[in-house]
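Here are my notes for your read-through. Keep the model open beside them and check each point as you go.

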Amino acid sequence: MEETMGPIRHVVPFTELGRHDVSRAGGKNASLGEMTTRLAGAGIRVPPGFATTAEAYEELLGSRDLRRRVEAQIDRLHEGAPLDQVGAAIRSLFLVEPLPVPLRDAVLAAYEQLAEEIGRESPEVAVRSSATAEDLPEASFAGQQETYLNVSGADALLEACTRCYASLFTDRAIDYRERMGFDHLAVALSIGIQVMVRSDLAGAGVVFTLDPESGFPDVIVVSAAWGLGETVVSGQVDPDEYTVFKPSMKDPELDPVIDVRIGAKRLKAVYADTGLTRTVDTPDGERNQRVLDDAEIRTLAGWAAAVEEHYGCPMDIEWAKDGLTGELWIVQARPETVQSRRRTTTLTRRRLTAIPGEPLVEGIAVGEAIGQGRVVALDAPVDLDRFPQGGVLVTGVTDPDWEPVMKRASAIVTDHGGRTSHAAIVSRELGVPAVVGTGNGTRILRDGRSVTVSCAEGGSGRVYQGLLPYEETQTDLAELPATRTRVMLNLADPSAAFRWWRLPADGVGLARLEFIVAHQVKVHPMALLHPERLEPHDRHVIERLTEGYLDRGDYFVDRLAHGIARIAASRWPTPVVVRTSDFKTNEYAKLLGGRPFEPDEANPMIGWRGASRYYSDGYREGFALECRALRRVREGMGLTNLVVMIPFCRTLGEADQVLAVMADEGLVRGENGLQVYVMAEIPANIILAREFAERFDGFSIGSNDLTQLTLGVDRDSEALAHVFDERDPAVVRSIQTLAVRAHAAGRPVGLCGQRPSDDPAFTAILVEAGLDSISVAPDSFAAVKRHVARAEATLKNGAGRRKE
């Protein structure tokens, strides 16, 4: 592939490029060369190819005075000419300019040699633009220039190269360079020509070596859709998403895939009959089917980890699977440029300060901000003067042509796309909240309607009617004081767990299974095991929901295990206390298929709940599914920081029965480091604290139920709200008594509840009582941490204990 025509080298094979060749071959091609030459030993496969050089681009600019003509158009832009007119004029200059003969001949010679190497005549190739300023830490040019897939034959290849050169001056690329202060003619373009992977017959997608939404570094996130990868990157499809826990990858005996989410995948890109590509509907049988199995996910994650380690920074990687050979390939890799640039010591949080009502539409939250304004619904990009600054952009899907409009938006809503779609990536970079993959945003949200777009409520993004009030707070995490009393988190929503990883919490004091069951499983566990007892309608809905599962119990275990694992991973290796299900009978009855399995109780609050269910004939099989999920997380996925907690355990005999059932299901207290806690929320737990301490490894006070049962007050009664008080002397004395008795037995005591967040004086009571931990909602963590520090300082300075 040696170039002999002229003093410069026009093309270079990937095998001769490395990461330090960005100025010569652009970020994309330099990275492909680096992986080809340096990472083959890690088993990473990169399709062969070659790159045109920056010198070849400079030669093109020097021919027929092209540089001067481009400069004249840039001058027009600076004098006030419209961006779209200037961009179109520059691109037309490139499109009519023939490639210099030495460059053309070099490209065709390299293409012929590539064909010989792989043994195929006129092979299909991907033709990708690679700017010399691309993938720099201070700027992200990725996606601004064009890529052409399924290019075959000499004429088609040369035309694609010409169009790549022209794409260096798309409107969005000109605008970005203007904004970032880059000299337009100091940025050169290299073109990568790479053998196509037949992913049109299989699938493709993107891998991030951190969570792209929160920056959580201990996971690798793989997205996947059927067909060519352009539908994933562009956001045309809602892809599968697989989350891999990095620490568990070190042990080949463990399953590091801690979450699997099946996307809709309604479309896929395939080869067009006349060349290039086309988009078609995905067959029904593929839409609900996983694109990758666990072994393939693990392979890609292993490659991604090796790439990240090699580059020394988080990476954004594109992969493809060949449908003819079944082989996986890496087709692009670049540094991740959004989360890796965030300040890790400052936590910014926004929250709505009014009750919002039902959302108009929901989708995947991108970012953690709130935006609001009037809806501007568009089918295609418009001139900037037609899009008002601060409007809420609502559209089906975005691509790079939308970027100038997106920069003017206060929020973005799309019908399609996942967390690695174009809309999501650009929104993160701009700091604009986006709700993607709503499915119906363009149908529901009408032009001119005032809305609030909230991405501050977890993994789900919601669009509400009206301009709702909200507040923003900033916390410098480096300034939070150290405390003896551990301050932990209460978590319920697995999709939001990674958002809080930067908080210097001491673990999770309460993870509630009820949220996962209600929102991710959605079905009563006994209904899955006994469909014969269901109404025909419920049976049909459950059949559709569990499609692909021969054993419907596995559906429950999978969903529950994945939810628990995300929470446990978010705080690894600190303790994560997971409370087994504590629905009341009326709440369980509301689950899909739940009615036949739940009795009508006059007072469910003190009825058949918690421990009493787990050994009973009416629910023991359901509890066995819970145990299977917990065991999979601890033993299968390696998240041994998980601590099991039993709620509402009334008697010592009940404790013994529950522990026996757990042991029957493979969860033996003390084996593999398993600890089992008990909720202290019944006066019996306080009175018999020493005996309960013989059976459990720790106590967690549920202050709501303990207050309710100590004072004999229905905690939901408005008429008795003035009596319900966790600071009542009887409740405080119970907390103090438990702390003394538990500590005498060598058992820790914590409290999980809302009151410490709202009441610094109550926090001081807990500190004085000597509690080992206080667990609070994440948005209250910083305030409670400070309350605890002040209470500890007061105690240390001898201000005295409260007398009850």
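1. Start with the loop between helix 19 (552-570) and strand 25 (576-579), where Pro573 lies. Remember that this is a predicted model. Which kind of peptide bond joins Trp572 and Pro573? A cis bond, with omega at about 5°. Most peptide bonds are trans. That makes this loop worth a look on screen.

2. Next, go to strand 4, residues 147-151, which contains Asn150. Phi of Asn150 is near 55°. That is a positive value, and the residue is not a glycine. Most residues other than glycine have a negative phi.

3. Now the overall layout. The chain is divided into domain 1 (11-195), domain 2 (199-341), domain 3 (345-475) and domain 4 (480-802).

4. How far apart are the C-alpha centres of domain 3 and domain 4? They lie 35 Å apart. The two domains do touch: 10 residues of domain 3 are in contact with 9 residues of domain 4. About 740 Å² is buried between domain 3 and domain 4. Carbon and sulfur atoms give 53% of that area. On the domain 3 side, Leu347, Arg349 and Thr475 supply 47% of the area buried against domain 4, more than any other three residues.

5. What holds polar groups together across this interface? The rule finds 4 residue pairs in polar contact between domain 3 and domain 4, with both residues at pLDDT 80 or more. The side of domain 3 that touches domain 4 has 4 nonpolar, 4 polar and 2 charged residues. Salt bridges across the interface of domain 3 and domain 4 number 0 by the rule.

6. Compare this with the database record. An unreviewed UniProt entry places "domain: PEP-utilising enzyme mobile" at residues 387-458. Over residues 387-458 the chain is 24% helix and 22% strand. The end C-alpha atoms of that stretch are 29 Å apart.

7. The unreviewed UniProt entry also places "domain: PEP-utilising enzyme C-terminal" at residues 481-792. Here the chain is 48% helix and 12% strand. The end C-alpha atoms of residues 481-792 are 11 Å apart.

Notes: Residues numbered from 1 in each chain as written. Predicted model: local features only at pLDDT ≥ 70, side-chain atom pairs only at ≥ 80, totals over all residues. Heavy atoms only, no water. Domains from an automatic or database assignment. Contact = heavy atoms within 4.5 Å. Buried area = accessible area lost by both parts, 1.4 Å probe. Salt bridge = Lys/Arg side-chain N within 4 Å of Asp/Glu carboxyl O. Polar contact = N/O pair within 3.5 Å; in protein donor to acceptor, adjacent residues only side chain to side chain. Nonpolar A, V, L, I, M, F, W, Y, C, P; charged D, E, K, R; others polar. UniProt positions renumbered as here; feature names shortened; annotations may be inferred. Helix = DSSP H or I, 4+ residues; strand = E, 2+ residues; numbered from the N terminus.
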